[in-house]
Structures are given as C-alpha cells and as structure tokens.
Amino acid sequence: RVVESMREYLERLGRVAEDAAMVADMRNERLSLDRNPVPVRAILRMAVDAAKGAAAGRTVDVEMAMETPDEHVSVDSQALVQALTHLITNGIRFTPDGGRVEVRAGVRDGMLSIAVADTGVGMSEGNVESLRAHGAAERDAALHRSAVGLEFNSGGLGLGFSLARGIVAAHG
C-alpha cells in the first residue's frame, strides 16, 4: 500500500510539473500547437471520459450536448482535451454529489464554442475578477492541500484555469 500511495503521489507531482511548464511556455508565448481536423464529438468525449475517470467515487452527472455533432475543427486535440478536462474536473470538484456538469459545444461561422456549466457552489466575485485579469484565482498557498481525487469542494493549485485560458488563447 505504501508503494502504491507513493506511485500515485509521484504521478500527481509529475502532472503538476507538466502543467506548470506548460503555463510557463504560454506566458513566454512558446506554446506550439499541432493542429489537425478532429471531430468535435471526439474532443468532448475524450475530455468527459478523462474527467469522469478522475472522479471515481463521486456521483456527479456529466452531460454532453452538441449543436453540430459531426462537425470537424482544426485544433490541437491533445491540448484542447487537456483544457476541457481541467474545466470539467473543476466543475465536478465544486459540485455536490447528485449535481450536474454540462458540456455544450457548437460551431458557428467556423468558430468552435464550448461551454462548461455546473450546479456547484460557484465562485466568489473576487476569484472571478482574478481569473479574468490573471487567469488564476486568488488563493492562500499556505492553506492549500492537494486532494487525492475530486473530493467535493477540495482545492487545487489553480493551474487548470491558467492552462485552459492559455490553450484557448493559443488557438486564437
């Protein structure tokens, strides 16, 4: 059990290091994208499946809705799935069991639009403003503790929103 616990912890640390490096690349405008035509449905399915996998033990319903399910878009699918997965897992993390996270997508005039909404606890106005201004929510690092899974209302390091924002911005 100890070895398994250490392995899981090291995997989480590895993901944090990768996310931090990606945020640094975005801030230095060095993030390169590998764009290819991909079905919108595939992007959403991969992100939803990854988020559900991370939410083992939680009973939050994650729904997908697509206006144009057979549409293809030219994106870096790996990066976009990573951004969406962060947004969906945040929705799960801050939604009590029995709640819902909805992922909606559509393509209009060649532009992909994706929205993630949840029935969770929401964010304070200060955190919303901080996200708009800096791409990260304000938090007291001294009070941070990393959750093992997506425990309800558990905190993270706040890299997910920065990553999602940077990946979207890199796509234009």
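**View A. The open sheet of β2, β4 and β5.** Three strands line up in the order β2-β4-β5 as an open sheet with mixed pairing. Pairing requires at least two DSSP bridges between two strands. Strands (E, at least two residues) and helices (H or I, at least four) are DSSP runs, numbered from the N terminus. β2 (61-66) and β5 are the edge strands, each pairing on one side only. Neighbouring strands are turned by 15 degrees against each other on average, direction ignored. The model is predicted: local features need pLDDT of at least 70, side-chain atom pairs count only at pLDDT 80 or more, and totals for chains, interfaces and linings use all residues. Residues are numbered from 1 along each chain as its sequence is written, and side-chain values use heavy atoms, without hydrogens and water.

**View B. Strands β4 and β5.** β4 (residues 100-108) and β5 run antiparallel, joined by eight bridges. Ala-105 has Ile-114 of β5 as its bridge partner.

View C. Axes are lines fitted to C-alpha atoms, for helices over the stretch in contact; angles run from 0 to 180 degrees between N-to-C directions.
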